[in-house]
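Please keep the sequence and the model in view while reading.

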2 protein chains.
Amino acid sequence: MEFQEAKDKFISTWGALGTTWGINKAMAQIHALLFISPDPLSMEDIMEDLGISRGNTSMNLRNLIEWGIVHKVNLQGERKEYFSSEKDVTELARQVAKERSRREIEPSIKVLNEVSKIKSDGTAKTEEFIKKTKELYDLADTANSMLLKMVNQEHNWVTKTVIKLFK
Amino acid sequence: MEFQEAKDKFISTWGALGTTWGINKAMAQIHALLFISPDPLSMEDIMEDLGISRGNTSMNLRNLIEWGIVHKVNLQGERKEYFSSEKDVTELARQVAKERSRREIEPSIKVLNEVSKIKSDGTAKTEEFIKKTKELYDLADTANSMLLKMVNQEHNWVTKTVIKLFK
DNA sequence: ATAAACTTTCATATATTATTGAAAGTTCGA
DNA sequence: TCGAACTTTCAATAATATATGAAAGTTTAT
């Protein structure tokens, strides 16, 4: 396989994988491109390489920067901004997990907690409802705090401890 | 809060959460409804309660059954089929993880492995590409086998061991 | 073998989400 | 302060994913 073919394949696979994890295609592809590039790239470079519009590139770069995955580089003597992603890929995973916890999981946990507090009228349906939603609340809350602990650990801690446990 | 309000809130929250995890809204809501119902429900019951069409109900019930989360119940003397979900919710989580691994993660890992095998022509870009994709392959492969091990354990093993580690 | 009771399928409609690109905004050097 | 070089915004559009419902299919009792 040629480099160019491998590169295209990698970028499109990464993009497809991203969309199933709450990262849109363009965002994942920009990340993929920067991730394998030895040098920083300009917005122009990225647009051209991926064949996406200026607006799309701009918005998704901003997101990646907000997520701490990509950062701006100013090359000396150049007006243009360049971008690079020298961060470890686990940083991306960490960030994705954090975002999803904050945006989706935590609000849901709050609702579970709320609804599990209705008082029973003694009927089977309310009893069952309270029992099940409580169960779910406990599970979700535990899983979420696990996730956050993992996410906030040093990279190597997770790798060493958890891998040892499973491999 | 009244039971009906809590129920609606729970179902819509569960539906919203599902859509961000690769389960469509109707599928997640059907699961939610069955999950809190003390008795099996018919297709008619489900359609009516959630206000969704017959076709939608049928297709999503079939999916839930395929995933092993919901199953058919034949009540004595009744022609109609009934459905229930008496399984633990961790079974759902397990199933979701399994499906995603099979359908998304594993094919991606295969691609990573392929593309990381191109031979270097000595340029910085091919060197970087090979290095990064190999790194990614190792990470993804390790993470995936961890996931599968967790998923295939008994429910209590995960709960006990992992929670102990983090709590 | 027939028909009533029920379920599934799938072409079409609807809703959701991502992308474009031109206009507005910003920054910087002269 | 001006204007060239560049970036961001956002309304319009395109692409994608979901839902509908009528028709086709299946099962069962007689």
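Helix α6 (residues 124–152) of chain A packs against helix α1 (residues 3–19) of chain B at an angle of about 40°, and their axes are 11 Å apart. Helices here are DSSP runs of H or I with at least four residues, numbered from the N terminus. Axes are lines fitted to C-alpha atoms over the stretch in contact, and angles run from 0 to 180 degrees between N-to-C directions. The crossing of α6(A) and α1(B) is left-handed, a term for a near helix turned anticlockwise from the far one by less than a right angle.

In this packing, K125(A), T126(A), F129(A), T133(A) and L136(A) of α6(A) meet F3(B), A6(B), K7(B), F10(B) and W14(B) of α1(B); contact means heavy atoms within 4.5 Å. The residues of this contact divide into six nonpolar, two polar and two charged. Ala, Val, Leu, Ile, Met, Phe, Trp, Tyr, Cys and Pro count as nonpolar, Asp, Glu, Lys and Arg as charged, and the others, Gly among them, as polar.

The model is predicted: local features need pLDDT of at least 70 and side-chain atom pairs pLDDT 80 or more, while totals for chains, interfaces and linings use all residues. Residues are numbered from 1 along each chain as its sequence is written, chains are lettered from A and ligands numbered from 1 in the order in which they are written, and side-chain values use heavy atoms, with hydrogens and water left out.

How are the two chains related? Chain A is superposed on chain B by a rotation of 180° with 0.0 Å of shift along its axis (RMSD 0.1 Å). This is the relation of a two-fold axis. The superposition is by least squares on C-alpha atoms of residues with pLDDT of at least 70 in both copies. In chain A, the C-alpha of W21(A) is nearest the axis, at 3.8 Å.

DNA strand C is surrounded by 18 residues, each with a heavy atom within 4 Å of the strand.

| Residue | Protein atom | Distance to phosphate oxygen |
|---|---|---|
| S53(A) | polar backbone atom | 2.7 Å |
| N56(A) | polar side-chain atom | 3.2 Å |
| R62(B) | side-chain N or O atom | 2.6 Å |

Helix α4(B) gives the most to the surface near DNA strand C, with five residues. The residues of that surface divide into four nonpolar, seven polar and seven charged.

Notes: A polar contact is a pair of N or O atoms within 3.5 Å; within protein, one must be able to donate a hydrogen and the other to accept it, and residues adjacent in sequence count only if both atoms are side-chain atoms. Helices (H or I, at least four residues) and strands (E, at least two) are DSSP runs, numbered from the N terminus.
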